[in-house]
Amino acid sequence: MTADTEPDGELLLRVLLTRVVEPGDEVGGRWLREYGVREVARRLRDGGEPLPGVSGTRWSGLRARAARAEPHRDLAVARAAGVRFVAPGDAEWPAQLDDLGDARPVGLWLRGRPSLRIWALRSVAVVGARACTGYGAHMAATLAAGLTERGWVVVSGGAYGIDGAAHRGALGAGGATVAVLACGVDRPYPRGHAELITRIAEQGLVVGELPPGDHPTPSRFILRNRVIAALTRGTVVVEAAHRSGSLVTARAAQRLGRFTMGVPGPVTSGLSAGVHELLRGEGVLVTDAADVIELVGDMGELAPARRGPVLPRDLLEPGARQVLAALPARRPAQPREIASDAQTTPDEVIARLYELRALGYVERHGDGWKLTRQAVMSVRSGRAAR
């Protein structure tokens with residue numbers, strides 16, 4: 001038995017408190033900050049003076065929870081399942097979670113081999129609707145794969161829809177991904193994702209605030225999102241209705257000073273309405289991994305310039321392009337007529353026409369000049385691109 005796992009060891013007391021204090025409980029967090037772990041646990045277990053900020057009924061309920069808690073058993077069950085417990089101040093604790101203040105987790109249960117602290121240093125959250133469209137699933141998977149291929153860790157909530165697509169995209173690219181659950185990490189939820197979450201634990205990390213065997217509730221899902229936001233450098237929302245839980249993650253990221261990003265969708269889709277509202281505010285529009293990394297990455301990691309395909313006529317000198325554009329599409333024209341439309345001199349036009357002829361763009365018909373079939377197609381392509 002180590003000092004931390006003795007009856008009054010701080011780690012063991014934090015394990016006990018994960019059974020007592022709900023995730024994100026700022027009153028409990030304030031107790032820990034002002035009184036310390038040992039004093040809070042002592043009053044809860046031994047019936048000391050009630051701590052401030054709660055009613056008598058709630059205090060009785062917290063004491064009943066503390067009486068039922070079996071921290072030694074929780075640690076034993078966790079170890080048997082390959083799960084470890086990490087507390088604030090430990091070497092593996094991600095310091096950015098301290099930005100949550102009194103809403104900081106009491107501790108985290110981890111399933112998987114990598115170091116959460118190291119992985120969180122270069123991580124991005126990809127979240128969104130559970131009932132997503134095929135477009136949303138494709139974008140989430142592609143975005144996650146692109147991020148992992150560039151050395152970034154993808155963090156999500158393990159849920160159906162966008163979360164699952166993001167995890168699968170990262171795993172499929174042989175990359176790193178973290179699932180933050182709203183239940184015990186030894187009991188994957190949703191059950192339909194048991195195989196996916198097990199695979200994440202083998203290749204990446206599964207993280208949760210709740211002790212082994214604990215179940216999710218609607219409020220725990222919402223409060224779980226603050227951990228996703230705090231853990232990562234930025235949050236990308238792919239499809240979200242106006243009341244989507246993924247927008248809670250984005251708003252938490254904004255409050256913490258993290259980047260918030262959104263992938264746009266059809267304006268006719270209710271599943272993109274929340275994303276578009278985010279983009280109208282402080283959110284940044286992104287379309288691929290390069291856009292995301294330009295925001296969250298190091299200085300100089302810029303997304304490539306966006307432009308359409310380069311057409312052969314784009315490589316012509318400006319004067320030659322001007323003459324080419326002035327030629328009628330369906331009939332020969334005299335140099336003087338072309339010069340008028342190109343706003344230059346007939347002599348300049350003749351010089352340019354012979355250049356264009358050598359390149360296969362024009363041909364001579366008696367005293368006039370006409371576009372070749374190749375040039376007609378090039379001009380049409382250029383107009384369509386505009």
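This is a predicted model: local features need pLDDT of at least 70, side-chain atom pairs count only at pLDDT 80 or more; totals for chains, interfaces and linings use all residues.
**Notebook: aromatic pairs and helix packing**

I searched the whole structure and got four aromatic pairs.

**Entry 1: two tryptophans**

I looked up Trp31 and Trp59 to start with. Their ring centres are 5.8 Å apart and their planes stand at 80°, so I'm calling the pair edge-to-face, as anything over 60 degrees counts that way. Where do Trp31 and Trp59 sit in the chain? Trp31 belongs to helix H2, while Trp59 is in helix H4 (residues 56–68).

**Entry 2: a tyrosine and a tryptophan**

Tyr354 and Trp369 were my other pair. I found their ring centres 5.1 Å apart and the planes at 75°, so this pair is edge-to-face too. It also links distant parts of the chain: Tyr354 lies in helix H16 (residues 346–358) and Trp369 in strand S11 (residues 368–371), 15 residues apart.

Tyr354 has 40% relative accessibility, so I wrote it down as partly exposed. Trp369 has 2%, so it goes down as buried, the cut-off being under 20%.

**Entry 3: H2 against H3**

I looked at how H2 (residues 26–35) meets helix H3 (residues 37–46): their axes come within 7 Å and cross at roughly 120°. That makes the two helices oblique to each other.

Which residues of H2 and H3 meet? On the H2 side I listed Trp31, Leu32 and Tyr35, and on the H3 side Val37, Glu39, Val40 and Arg43. Sorted by class, the contact of H2 with H3 has five nonpolar residues, two charged ones and no polar ones.

**Entry 4: H10 against H11**

My last stop was helix H10 (residues 218–231) with helix H11 (residues 245–255). They pack at an angle of about 45°, with 8 Å between their axes. H10 and H11 are therefore oblique to each other, and their crossing is right-handed.

I wrote down who meets whom. H10 brings Ile222, Asn225, Arg226, Ile228 and Ala229, and H11 brings Gly245, Val248, Thr249, Ala252 and Ala253.

Methods. Residues are numbered from 1 along each chain as its sequence is written. Side-chain values use heavy atoms; hydrogens and water are left out. Axes are lines fitted to C-alpha atoms, for helices over the stretch in contact, and angles run from 0 to 180 degrees between N-to-C directions. Helices (H or I, at least four residues) and strands (E, at least two) are DSSP runs, numbered from the N terminus. Angles under 35 degrees count as roughly parallel, over 145 as roughly antiparallel, 65 to 115 as roughly perpendicular and the rest as oblique. A crossing is left-handed if the near helix is turned anticlockwise from the far one by less than a right angle, and right-handed if clockwise. Contact means heavy atoms within 4.5 Å. Ala, Val, Leu, Ile, Met, Phe, Trp, Tyr, Cys and Pro count as nonpolar, Asp, Glu, Lys and Arg as charged, and the others, Gly among them, as polar. Rings of Phe, Tyr and Trp (its six-membered ring) pair if their centres lie within 6.5 Å; planes under 30 degrees apart count as stacked, over 60 as edge-to-face and the rest as tilted. Buried means under 20% relative accessible area, exposed over 50%, partly exposed in between (1.4 Å probe, protein chains only).
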